[in-house]
Amino acid sequence: MSDNSPIHSYHAHVYYEPATRGTAQALRQRIGERFSVQLGRWHDVPVGPHSAAMYQVAFASEAFAAFVPWLMLHRAGLTVLVHPNTLAPRDDHLLHALWLGPPLALKPDVLPLRIDLADESPIVPNTTPHLAPWS
Ligand code: ZN
């Protein structure tokens, strides 16, 4: 980072249920067509602090200004948790997050208070955007 921001990157967690998995799939495809991000695995069973099925979208700070407003308009009714990564996972999820749609419960006990920089996963984009965001 060159700007001294404590935010190393962001995650967007896209939640779904069995009935909305197809909606989540369509959103995932639209994201990948438009943004240079790291699309995570599908978690049909809740993992970590999450209380519902979801997939993660990891993205660099530089992508926030284009990606998050787009998500606001295109989440198709799905709940999305957007949180920064500042090496303080519990605060990042519980205090510093923003929710698109109705918030869901999180399990705070599994979130560490602090992690080391070495434990912070670098963002490795795995999408090949070829459409303009608002196309
Ligand atoms: Zn996350």
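Reader: Quick one to start: is Ala88 buried or exposed?
Author: Ala88 is buried, with a relative accessible area of 8%. One thing to keep in mind throughout: this is a predicted model.

Reader: Got it. Where is Ala88 found?
Author: Ala88 sits in the loop between β4 and α3. Its C-alpha atom is separated by 8.7 Å from that of Leu111, a residue 23 residues away along the chain.

Reader: What about Leu87, where is that found?
Author: Leu87 is in the loop between β4 and α3. Its phi is near 75 degrees, a positive value in a residue other than glycine.

Reader: And is Leu87 buried or exposed?
Author: Leu87 is buried, at a relative accessible area of 12%.

Reader: Let's look at Ala76. What is its phi?
Author: Ala76 has a positive phi of about 55 degrees, although it is not a glycine. You'll find Ala76 in the loop between α2 (64-74) and β4. As for cover, Ala76 is exposed, with a relative accessible area of 54%.

Reader: β4 keeps coming up. How many of its residues are buried?
Author: Six of its six, so β4 (residues 80-85) counts as mostly covered by the under 20% cut-off for buried.

Reader: Which way do the residues of β4 point?
Author: Val80, Val82 and Pro84 point one way, while Leu81, His83 and Asn85 point the other way, and all are buried.

Reader: Which strand pairs with β4 over six bridges?
Author: That's β1 (residues 9-16), and the two pair in the antiparallel sense.

Reader: Switching topic: what coordinates the zinc ion?
Author: Three histidines do: His11 through ND1, His13 through NE2 and His83 through NE2, at 2.0 to 2.2 Å. Along the chain, the donors follow the spacing H-x1-H-x69-H. His13 in strand β1 and His83 in strand β4 are 70 residues apart, and this pair links distant parts of the chain.

Reader: Are His13 and His83 buried or exposed?
Author: His13 counts as buried at 3% relative accessibility. His83 is buried too, with a relative accessible area of 1%.

Reader: Okay, salt bridges. How many are in the whole structure?
Author: A search of the whole structure finds two salt bridges. In one of them, Arg21 pairs with Asp44, and the closest N and O atoms are 2.9 Å apart.

Reader: Why does that pair tie together separate parts?
Author: Because Arg21 lies in helix α1 (residues 21-34) and Asp44 in the loop between β2 (38-43) and β3 (53-59), the pair ties together parts that are 23 residues apart in sequence.

Reader: Which residues form the salt bridge with 3.2 Å between the closest N and O atoms?
Author: That one is formed by Arg34 and Glu33. Arg34 is buried, and so is Glu33.

Reader: Last topic, the surface. Which residues form a nonpolar patch there?
Author: Met72, Leu73 and Trp134 form it, with about 390 Å² of accessible area together.

Reader: Where is Trp134, and is it buried or exposed?
Author: Trp134 is in the segment after β5. With a relative accessible area of 55%, Trp134 is exposed.

Definitions and conventions:
Residues are numbered from 1 along each chain as its sequence is written. This is a predicted model: local features need pLDDT of at least 70, side-chain atom pairs count only at pLDDT 80 or more; totals for chains, interfaces and linings use all residues. Side-chain values use heavy atoms; hydrogens and water are left out. Buried means under 20% relative accessible area, exposed over 50%, partly exposed in between (1.4 Å probe, protein chains only). Helices (H or I, at least four residues) and strands (E, at least two) are DSSP runs, numbered from the N terminus. Two strands pair if DSSP finds at least two bridges between them. Patches are made of residues with over 30% relative accessible area and no salt bridge: like charges are joined within 9 Å, nonpolar side chains (Val, Leu, Ile, Met, Phe, Trp, Tyr) within 5 Å. Accessible areas come from the Shrake-Rupley method with a 1.4 Å probe; for residues, only the protein chains shown count as cover. A salt bridge is a side-chain nitrogen of Lys or Arg within 4 Å of a carboxyl oxygen of Asp or Glu. Donors are N, O and S atoms within 2.8 Å of the metal (3.2 Å for Na, K and Ca); water is not among the atoms, so sites may look incomplete.
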